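I opened this notebook page to keep track of what I looked up, one topic at a time. The entries begin with charged pairs and then turn to helices and packing.

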Amino acid sequence: MFSPMQNAMRYVYAAHLMAIELSPERILKESERLKQMLKAEKLPRSTSAYNIVTALVLLEQSLEAGGSARISRDQVARMAQIYRAFKEDHPWITGGDDLAPAALLAGEPGAPRAIASRVESVYQELRSFKYGRGNALQTAAQLLSLHPQAASGAVRQFDAIYQGFRGRGLWMMECDYDEVAALSFVSATPTTIVDRTLDRREAVRARRWGLGKNETFSVASSLTMLELLGQAASHEELAAFSMIVRIQAVIQAQAAATVAASSGGAAAAAS
């Protein structure tokens, strides 16, 4: 039997719980409540890890709105409407891992169908730049739909950063889409973003922490965002910073959820 708070997940959870001042017991209790509400909404079953990620997002939104540390049925109903709209657009790739992005977008104004339509607009714009269709692209589109620019502007920024990394010799893959999407929110030139990220990546590699390519790129991307956004002065930039931090929390928690799920599956198979 494996605890849902195991392995890489516990570090992500601990950081997030400290930020919103909730106890592990509270998030686990709300995660169990969320399971029942998801079942009532006939939403897909997901792993404990993904369920906890979704609960964290919804709890943070409830607290920011002045509510209690308790997920409401109204929140879940709105998230469900957005999820179903995702499913209408992409029935074969939309699954349990899209619940957290749906929860994130549920905190945005607008009708659920309009929110999903903006995601689809970004998705198709990315396709026009020859990015491969699939789940990774849908996640990038979900994140970029929160960008303050219109779909075309957000995607141009994404493409300039992505191609900038490729031009500097990085082997970019679909698993990098979400990191580049988050970097696209930084109000700096693509060249500045790429240069700073690669510089920080070399610094991380020099530490000899035994991290792989994906991990060093993720850490470097986070450092770049913190450094460049730390120079923000306007209210709009600070608001963008808050959104990026939330996006990064979802990205990192989703990645940790995948690691935890894979580790649990491997351990179960070996037992």
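**Salt bridges.** I began with the charged side chains and found that Arg 196, Asp 199, Arg 200 and Glu 227 are linked in a network of salt bridges, a salt bridge being a side-chain nitrogen of Lys or Arg within 4 Å of a carboxyl oxygen of Asp or Glu. Before going further I noted that this is a predicted model, in which local features need pLDDT of at least 70 and side-chain atom pairs count only at pLDDT 80 or more, while totals for chains, interfaces and linings use all residues. I also noted that residues are numbered from 1 along each chain as its sequence is written, and that side-chain values use heavy atoms, with hydrogens and water left out.

By the salt-bridge rule the count comes to eleven.

I then looked up Glu 202, which forms a salt bridge with Arg 205, the closest N and O atoms being 3.2 Å apart. Because these two residues are three apart in helix α10, about one helical turn separates them; helices (H or I, at least four residues) are DSSP runs, numbered from the N terminus. Glu 202 is partly exposed at 44%, and Arg 205 is also partly exposed, at 46%.

Arg 113 and Glu 88 form a salt bridge through their side chains at 2.9 Å, N to O. This pair links distant parts of the chain, with Arg 113 in helix α6 and Glu 88 in helix α4 (residues 73-89), 25 residues apart. Arg 113 is partly exposed at 33%, whereas Glu 88 is exposed at 58%.

**Helix α8.** I checked the length of α8 (residues 151-167), whose 17 residues reach 24 Å from first C-alpha to last, close to the 24 Å expected, the expected span being 1.5 Å times one less than the number of residues. Its buried residues include Val 155, Phe 158 and Phe 165, and the buried residues of α8 pack against α6 (112-128), α7 (135-144), α9 (177-183), α10 (190-206) and α11 (213-229), where contact means heavy atoms within 4.5 Å. Just after α8, Gly 169 takes a positive phi of about 95 degrees.

**Nonpolar core.** Which residues have the most contacts inside the largest nonpolar core? They are Met 79, Leu 126, Phe 158 and Phe 165, in a core of 62 residues; such a core is a set of buried Ala, Val, Leu, Ile, Met, Phe, Trp, Tyr and Cys residues joined through side-chain atoms within 4.5 Å. Leaving out residues up to four places away in sequence, Leu 126 touches Tyr 131, Leu 137, Ala 140, Ala 141, Leu 144, Val 155 and Phe 158.

Is α3 largely enclosed or open? Of its 17 residues, 14 are buried, so the rest of the structure largely encloses α3. Just after α3 (residues 48-64), Gly 66 takes a positive phi of about 85 degrees. Ser 31 touches Asn 51, Ile 52 and Ala 55, not counting residues up to four places away in sequence.

Technical notes:
Buried < 20%, exposed > 50% of the residue type's maximum accessible area, 1.4 Å probe, protein only.
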